[in-house]
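Visitor: Got a model open here. Can you walk me through it?
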Amino acid sequence: MIQNIVNTLGGGSGVDTFELVDQLVEIQSAPQTERLDTKEELLNTQLSDYGILRSALGELETSLIKLSSTDSFNAKAVDFPDTNLLIPTKIESDAVAGNYQISVGNLAKSQSLSSGVFTETSDAVGTGTLTFRFGNWSDGLGDESATSVFDVNADKTGGTITIDETNNSLSGLRDAINNADIGVQASIINDGTGYRLLITGPEGANNELEIVVEEDGAATNNDASDLSRFAFNTGGSQLSQEQGGENAELTINGLAVTRESNVIDDVIEGLDFTIQNESATEVVSMTITEDKALAKQTVTEFVEAYNSFLDTVGKLTGYDDEIEDYGSLRTDPLAKNLISRLRGLIGSGIPGVEDGFTALTNVGIRTNRDGTIELNTQDFNKAFDENFDLVKTLFTPRYTSDSALIQAVNYNKNSTPGSYDVVITADAGKGYLTGSALAGPPASFDSTGKDYSFEISVDGTASGTITLTADTVFTPEEMAAELQSQINNDSALIAADETVSVEWDTDHFVMTSDSFGDSSTVSINVEGADLAELGIGTASTTTTGNNVAGTIDGVQGFGSGNVLLPDLDSDATGLSMIVAAGATTGTLSFSRGFGDEMNRVIDDFLKGSGLIRQRETSIRERISEVEDDRDILELRTEAYRARLQSQFIAMDQIVQSLQNTGSFLDGINDRLPFTAKK
């Protein structure tokens, strides 16, 4: 069809009307095509430039994360001599600056127990269960002598392992102990006479082991056969103690300190060190100082990052000397708004900081005419040397409270800096079970031949059957420790991370959940035949815990355990505070610091649903609209081409008709009767 049109066009007139149609169509569509090309090119450039803007903003954000971190301003350095006595392993930002003299009188040691000799590591050991608990043997032995007493460590959880046909071997027992992950290490040692199982507990005098065996069969802890060969308790000890547990003993600036482990992480706040040797004479002197160099470097890097950001964005929103043209975002309102907001933060005070250093000018950061910033070295160093605490307050988030019982612990992007009056109307409480008062009260409890088993629920989690150690005489305080240890050693409660504390209160036991809130409860579900002798059972009184209650600036808050949260519609939303028992009132002050304030602005632009993402989506939609406009233009152009082609075909037909008429008339005089030549 196209070929027919081509052949037809110009057939009568002799004019190349096909080319003429192309030229006319091009002339008619060129302005609109050029407009769409220009628009599409600008939109694609803007989309690319927003990618550059995003990258530059991300680099600035990275510097701000460091600037808003308290670790950058609380860094510490430790100076210590060359010594074999101890090694500092970690220093944290909360370490207290000062001088410390440390001496070590005794290293912590782990109790180790060895088995009898086995011919092969594959030798069977018997089947059943081994239950491990931690505590202290009064004489360092685990036997049935009158002087041997095991004081259970009720604050440390043990565990139970099972030996069956799948792991009934010396090596299987070793692996089962190690895989239980209860802090007990097992290894097989060949001492020249055969293979022995060496069981090692954690370091510390109060982490020695009690091992109770329940065999599949008639064997007991007294039998030197099958699984009972690994028992270590007052009912029978077939293992041999190679070394008893001992505590580390050291002095810090003359103060005597004992710890269970040679890894010391709670003596000098923020400083961890490991004891390697003991000495009766050597004293190690260590000095902890503030490391201001990191803070200075962090601020300097921010200044450089901010100026680099302005340089990059300036080319996108202003005149770029490299390309000798204006950037694609020159008139873009979002890019302009971003720069304006960041510059506004540079020159304004920090919300929530009402005195001291309230703006960047206080630390020698000045703004130049072109918007860049620079450090005045003299003022900068003076601020760090003389008022370092104020520098920290300027750059990093800060909570202050005039009550030691009300402490803020968190905030979010919606929290408004300022001061808030807190009024506590109800303390948080823990759920507890109160046993019956026992007449006497008894001086001891004897579990010999008694069914002191029970099942308990803690915060809604039900335990399995809990059985107290048999054939043992307990003082009331020892029985409280026994109850606490056995309850907290239950596998179901361990899995749910539920624990209790048990105390003997004059003439009765009290079992208290370790969690706060209205879901905190303790109750006995099933009791053994003789449990009532302890004054506890299914009829014991259960008291449910409660949440803390109070107001923040007069608005009722929400209590969750011992944490008080502000109303979601209040300025304080996002702040959370831990409230200790006895708190009544307090004033809580909060500021984000410069770093977090600027980071919050950047997050508005950079986050997944942020302003830049919205702008990029809008640009892509406009690019899609340009494509739609091109399709419409193409349809209109083709319609215009078809109209021109039709008109030129009609014209050629007329011309051809006229030409035919002319040919007919040509020489007509010679053919007419009266005019023809003879």
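Guide: Start with a term: two strands count as paired if DSSP finds at least two bridges between them. Keep in mind that this is a predicted model.

Visitor: OK. What stands opposite serine 457?
Guide: Alanine 462, in β29.

Visitor: Which sheet has β28 and β29 in its order?
Guide: An open one of 3 strands, ordered β29-β28-β33, with antiparallel pairing. The edge strands are β29 (461-462) and β33 (522-527). Each of these pairs on one side only.

Visitor: Next, β31. How many bridges join it to β32?
Guide: 6, and the strands run antiparallel. Valine 502 has methionine 511 in β32 as its bridge partner.

Visitor: And the hairpin of β31 and β32: which residue takes a positive phi?
Guide: Threonine 506, near 65°. The hairpin has 2 residues between the strands.

Visitor: What about β26 and β32, parallel or antiparallel?
Guide: Antiparallel, over 4 bridges. Tyrosine 432 stands opposite threonine 512 in β32.

Visitor: Switching to packing. Which residues touch the most other members of the largest nonpolar core?
Guide: Phe302, Phe395 and Phe594, out of 54 residues. Helices that each supply at least two residues of this core include α2 (17-68), α5 (292-317) and α12 (611-665).

Visitor: What does phenylalanine 594 touch?
Guide: Among its contacts are Leu64, Phe302, Leu345, Ile350 and Phe395, leaving out residues up to four places away in sequence.

Visitor: How many residues are in the other core?
Guide: 31, among them Phe118, Phe150, Ala154 and Phe230. That core lies apart from the largest one.

Key
Residues are numbered from 1 along each chain as its sequence is written. This is a predicted model: local features need pLDDT of at least 70, side-chain atom pairs count only at pLDDT 80 or more; totals for chains, interfaces and linings use all residues. Side-chain values use heavy atoms; hydrogens and water are left out. A nonpolar core is a set of buried Ala, Val, Leu, Ile, Met, Phe, Trp, Tyr and Cys residues joined through side-chain atoms within 4.5 Å. Buried means under 20% relative accessible area, exposed over 50%, partly exposed in between (1.4 Å probe, protein chains only). Contact means heavy atoms within 4.5 Å.
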